[in-house]
Amino acid sequence: MATSYLCPQDGTRADVSSLTWCCPVCRGPWDLDFEIAGPVRAGALPGRVNSLWRYEEVLPLAAPATTLGEGRTPLVPLTGTVSAKLDFLMPTLSFKDRGAVMLAELARCLSPARVVADSSGNAGTAVAAYCARAGLPCTVYVPEGTSPKKTEQIRAHGARLEIVPGDREATALAARAAADAPGTFYASHVFNPYFLHGTKTYVYELWEDLGGRLPDAIAVPVGNGTLLLGAALAISELRDQGLIDARPALIAVQAEAVSPLAHAFRAGADDLLDSPAGPLSPTLAEGIAIPRPPRAPAILAAVRESGGTFLTVTEDQIRDAQLDLAARGFYVETTGVACWAAVGGWKDRSVVVPLCGAGLKTGLAA
Ligand SMILES: [Zn+2]
């Protein structure tokens, strides 16, 4: 069957060559109805390109002209049971490159008049870089107060920068209004499911590097859930192909200051709670400060099905974790240290944490 967009709420479909960025019935995000070509065979991998494109059987796009060599980041032990995957070593210094390359490659194939994106920073820098590589005109919307290092990076890639007054939600609304203009490709890491088929390579790399198995648990910082949902996709595919026996627990980490998903999970809910859990306060973990993630039902279901849980971390824990990782040789941005803050002390189970953005993007919080 041909690959198409599919709404998980009401079954509406759209062709992937259309620029329809959300379900026209419920305005929700698309899933991708896509059948993988076959299992990734470990024996076939050594001769292949040393980037995430080596997992060609399971990717919805092939032979990309927009690649910057993304993926294949190192896995390094931190303690006897906790290992770190160094996704801050990506071309734009964050894990978002895994998904941004998919969006830019899809956009290149569709030749839109313009590309728009919105971001708290890292997705915007990634989309700007990959659009530059693809030769596509790009506008990135960011909230006021975004780290100057990130806005500088976006401008350097030649993208137009729109700084939106108000919070992250106001920025998303501004970008979505622009995305409705004819001829516009909305490179949304939240709404476009190709992004998740890029982030799923994070787990394929773990599987390859651990010799065809996965750790007991995979910890992921969660705002819009793009890495978590990609990880869940890969785990399902590996299970369906008989390539893993046990399913790792997904440990979703939020900042206590902005933790709508953790509250819903603890209440046993299958979507966000109607009433906010309390006033939202600013957090150092700006990359996961998302009050109303559109894919909340899928995130909650994925964590439950994995046998995992939600953990929250305080601002003090984030500060301490950043210093602690730096003392071990890793300079990581504040969002990217949240998982180490949450599970760094685990001794009874093997767990992998992503160090997902470079420290120079935000500087030192302490
Ligand atoms: Zn729908």
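The structure holds 19 salt bridges, a salt bridge being a side-chain nitrogen of Lys or Arg within 4 Å of a carboxyl oxygen of Asp or Glu. This is a predicted model, in which local features need pLDDT of at least 70 and side-chain atom pairs count only at pLDDT 80 or more, while totals for chains, interfaces and linings use all residues. Residues are numbered from 1 along each chain as its sequence is written, and side-chain values use heavy atoms, with hydrogens and water left out.

**Salt bridges**

- Arg27 forms a salt bridge with Asp180, and the closest N and O atoms are 3.6 Å apart. The pair links distant parts of the chain, 153 residues apart, with Arg27 in the loop between β2 (13–15) and β3 and Asp180 in the loop between α4 (168–179) and β9 (184–186); helices (H or I, at least four residues) and strands (E, at least two) are DSSP runs, numbered from the N terminus.
- Lys150 and Glu286 meet through their side chains in a salt bridge of 2.7 Å, N to O. Lys150 lies in helix α3 (residues 148–156) and Glu286 in the loop between α8 (260–266) and α9, so the pair ties together parts that are 136 residues apart in sequence.
- Lys150 counts as buried because its relative accessibility is 1%, whereas Glu286, at 22%, counts as partly exposed; buried means under 20% relative accessible area, exposed over 50%, and partly exposed in between (1.4 Å probe, protein chains only).
- Arg54, Arg72, Glu208 and Asp209 are linked in a network of salt bridges.

**The zinc ion**

- The protein donors of the zinc ion are Cys7 (SG), Asp10 (OD), Asp10 (OD), Cys23 (SG) and Cys26 (SG), which lie 2.1 to 2.7 Å from it; donors are N, O and S atoms within 2.8 Å of the metal (3.2 Å for Na, K and Ca), and water is not among the atoms, so sites may look incomplete.
- Along the chain, these donors follow the spacing C-x2-D-x12-C-x2-C.
- Cys23 is buried, at 0% relative accessibility, whereas Cys26 is partly exposed, with a relative accessible area of 33%.

**The largest pocket**

- The largest pocket is lined by 26 residues, and Asp31, Leu229, Ala232, Leu233 and Ser236 lie nearest its centre. On a 1 Å grid over the protein atoms alone, a pocket is an open set of points where a 1.4 Å probe fits, with protein on both sides within 12 Å along at least five of seven lines, and lining residues have an atom within 4 Å of a point.
- α7 gives the most to this lining, with 7 residues.
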